[in-house]
Amino acid sequence: MARPPISKPKNLSGPKRTRKPAADALPTREQLLEALAQQTDIKGKRDLAKVFGIRGDMRRPFKAMLAELEGEGVITRTRKALRRTAALPHVTVLDIPTDADPDDLHAYPAQWNEEEGEKPRVSVLGGRDARVAPAPGDRILARIDAGDAEVPVYTAKAMKILDKPRRGQIGIVRMDDDGARLIPVDRKQKEMRIPQGDLLDAADGDLVEVEVKLSGRLMIPRAKVTAVIGNPMSEGAVSLIAIHNLEIPYRFPQSVIRAAEEAREATLKGREDWRDVPLITIDPADAKDHDDAVYAQPDTDPANPDGHIVTVAIADVAAYVQPGSVLDREAYVRGNSVYFPDRVVPMLPEGISNELCSLKQGVPRAALAARMIFGADGRKRSHSFHRILMRSAAKLSYQQAQSAIDGHPDDQTGPLLDTILRPLYAAYAAMSKARDHRGPLDLDLPERKIVLDANGMVSDIRVPERLDAHRLIEEMMIAANVAAAETLEQKKTVLLYRVHDEPSSEKLQALRDFLGSLDIAVKKSDSVRAADFNGILAQSRKAGNVEQVSEMVLRSQAQAEYSAENYGHFGLNLDRYAHFTSPIRRYADLIVHRALIAALNLGSDGLSESEMLHLPGIAQHISATERRAMRAERETADRLLAQFLATKIGARFEGRISGVTRSGLFVRLFETGADGFIPASTLGKDFYRYVEERQSMIGERTGEKFTLGDRVTVRLLEAAPVAGALRFELLSEGERVNPSSVRRTKKRPSKSYGPKGRKKR
């Protein structure tokens with residue numbers, strides 16, 4: 001790590017040779033430091049003693065002086081030399097430990113030469129006016145102040161929160177006749193040989209972490225195994241690859257497990273008794289934790305004819321996860337739960353998430369409830385929050401609830417039909433009116449569910465039916481989230497918003513260019529609403545190209561994130577929005593719960609002063625962990641699908657072009673939803689030019705055109721399960737257009753997108 005030259009101690013000047021003290025006198029501290037700074041040939045105490053003529057009775061106090069300076073951190077002893085301690089640069093990169101006290105943040109240099117001695121501890125300054133608010137676990141670029149003292153006392157002001165680099169390269173070991181080779185997880189990296197002595201105890205198929213060494217005069221890269229992670233294929237845990245590649249914490253420290261085991265059930269103390277309110281949970285059939293329950297009833301107030309009272313009760317995680325506790329710090333580091341087809345990496349230990357906080361049927365549970373009153377038009381008239389003790393009256397799946405409403409109740413739903421389910425659906429019908437009037441972005445894209453067998457292999461790929469039961473829960477959760485944001489704003493407290501910015505002018509222009517090629521008109525203004533996009537989608541449904549348009553509309557959107565500043569939620573068409581309904585799996589929701597507890601005086605375990613101060617940093621961190629989780633889930637699905645299709649090399653498939661880039665086409669298969677790539681060089685016997693505004697590849701001679709959203713037939717040529725990559729051969733012919741239109745196309749800066757690549761502002 002480069003460091004600035006060490007300046008001379010104060011009050012020392014003159015010739016470069018060190019001034020010696022008077023005969024039989026010990027040197028001063030300043031003279032010692034001057035000698036170490038100027039005379040690089042001093043290797044140890046003996047050399048330093050010679051410089052100052054130390055002998056006889058002077059040796060003992062001289063050694064004591066050196067020991068004192070070393071103890072204060074002013075000088076450093078290494079195996080090679082005794083030297084003055086190196087100073088930190090004025091701007092440097094610091095790592096804040098994950099267990100740092102949020103109220104007294106400290107950090108250490110991200111890079112440090114151990115020969116310089118121990119890493120210096122740096123106090124990280126904060127405050128409400130700080131532009132960057134780091135938190136435990138962050139890496140920051142900081143401006144350093146060493147102070148005026150002889151021994152540097154470092155303080156830092158954060159300039160930027162940085163992404164942490166990965167710790168090492170991850171790959172799968174494959175044995176062959178020549179020994180071993182590494183197949184990298186990252187499809188952009190190349191295979192490497194692993195020398196026999198560098199395998200550790202890794203076996204064929206093991207997921208390993210390696211360091212790369214260059215060998216020979218040709219500097220050929222070789223891999224050296226530094227850690228054996230396990231065999232994801234034999235364990236039926238393909239998710240291990242993404243977990244380790246993206247460094248997702250998946251093992252809880254013993255201290256965290258112990259804290260979860262020591263937690264005790266909440267009591268009625270400080271809570272309203274709602275155990276007789278017949279709240280029910282409606283979740284996926286395989287759900288293990290239940291963090292939300294609902295109940296609705298007609299409003300009997302004559303002033304609100306045909307109105308509804310809707311209650312949404314959410315697990316009171318804040319009662320068990322106190323600010324600054326080991327549970328809290330671990331939840332913060334994780335940021336959110338991560339869901340894979342073969343496992344869940346939870347934010348909280350199972351003792352909390354699946355037990356104490358899970359709203360199990362017939363069991364008293366602590367909850368924070370939003371009681372909301374809606375008019376017949378579905379508009380919310382008022383709401384209130386309550387800290388309660390509840391008892392779930394039933395645990396239903398989406399399919400059970402919908403089947404009962406559709407006239408096919410079972411033994412469990414039959415008794416609930418008139419008293420609980422019908423009032424819920426009646427309230428939802430009213431809320432739907434308000435939703436339709438509000439006009440949120442209506443991008444109803446199907447999501448496939450990968451089903452695994454007992455060996456962790458893909459057995460089925462389904463598109464779950466979208467039921468009114470799903471929409472009912474979704475709409476009631478949105479209403480509760482809005483109520484939470486409104487309450488905190490009314491109380492003038494800090495708030496962690498869920499925000500979604502409107503599309504950038506650049507993305508809007510790209511969308512206009514593309515829609516223009518389809519003869520779909522879009523207004524020229526940069527000020528757009530979600531309803532404008534819904535109008536575009538409605539036109540495309542009539543024209544029969546809704547898949548093409550939906551894909552491009554999706555890519556025009558910004559990415560939702562968390563923020564301490566509010567700029568609304570464009571997709572939901574809401575002025576204010578916060579995440580309140582899933583504190584078991586999202587740290588953002590836990591923060592909002594604590595804010596409500598503090599603002600409404602519902603207990604002593606509300607949002608702390610430190611959390612209020614560091615809210616911008618918390619927002620940045622959990623936005624990053626959310627993106628990491630999304631990437632891990634997507635990569636794991638890609639690997640499972642590539643593994644599933646690896647036995648079908650040479651087979652033909654139907655699909656749709658899901659991405660167009662200069663280098664080729666991405667195609668998404670209809671049957672499985674798997675994405676694969678067709679290199680541009682293999683498209684045909686023409687030179688195909690990428691035309692961005694049309695999201696097309698067009699042959700310069702033939703005018704053959706392949707456009708985003710086109711239906712195509714492909715043949716599978718290659719499957720790489722470790723990388724999650726598929727390569728196709730295109731069998732379909734494209735539409736023919738005038739080739740000269742390619743040459744007349746006005747060039748604009750390229751912004752190519754893959755099948756799932758959204759670019760975030």
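Reply: Phe 580 has a relative accessible area of 0%, so it counts as buried (buried is under 20% relative accessible area, exposed is over 50%, and partly exposed is in between, using a 1.4 Å probe and protein chains only). Before going on, keep in mind that this is a predicted model: local features need pLDDT of at least 70, side-chain atom pairs count only at pLDDT 80 or more, and totals for chains, interfaces and linings use all residues. Residues are numbered from 1 along each chain as its sequence is written, and side-chain values use heavy atoms, with hydrogens and water left out.

Now the rings. Phe, Tyr and Trp (its six-membered ring) are paired when their centres lie within 6.5 Å; planes under 30 degrees apart are stacked, over 60 edge-to-face, and the rest tilted. That rule gives five aromatic pairs. One of them is Tyr 332 with Tyr 587, edge-to-face at 5.7 Å centre to centre and 75° between the planes. Because Tyr 332 sits in helix H6 (residues 326-334) and Tyr 587 in helix H14 (residues 587-599), this pair ties together parts 255 residues apart in sequence. (Helices, H or I of at least four residues, and strands, E of at least two, are DSSP runs numbered from the N terminus.) Both tyrosines are tucked away: Tyr 332 is buried at 6% relative accessibility, and Tyr 587 is buried at 3%.

Back to Phe 580, whose partner is Phe 385: their ring centres are 5.4 Å apart and the planes are at 80°, so this pair is edge-to-face. It links distant parts of the chain, with Phe 385 in strand S20 (residues 380-391) and Phe 580 in the loop between strand S25 (561-563) and H14, 195 residues apart. Phe 385 is buried too, with a relative accessible area of 9%.

Thr 625 is buried at 4% relative accessibility. Its side chain makes a polar contact of 3.0 Å with the side chain of Asn 336 (a pair of N or O atoms within 3.5 Å; within protein, one must be able to donate a hydrogen and the other to accept it, and residues adjacent in sequence count only if both atoms are side-chain atoms). Leaving out residues up to four places away in sequence, Thr 625 touches Val 333, Arg 334, Gly 335 and Asn 336, where contact means heavy atoms within 4.5 Å.

Zooming out, the protein chain has 17 helices and 34 strands, and 51% of its 761 residues count as buried. Among its contacts between residues at least 6 apart in sequence, 67% join residues at least 24 apart.

What about the outside? Met 219 is in the loop between strand S11 (207-215) and strand S12 (220-230), and at 47% relative accessible area it is partly exposed. Asp 306, in the loop between strand S15 (292-298) and strand S16 (308-315), is exposed at 64%. The phi of Asp 306 is near 60°, a positive value in a residue other than glycine. Lys 492 also has a positive phi, about 55°, although it is not a glycine. Lys 492 lies in the loop between helix H10 (468-490) and strand S24 (497-499) and is exposed at 74% relative accessibility.
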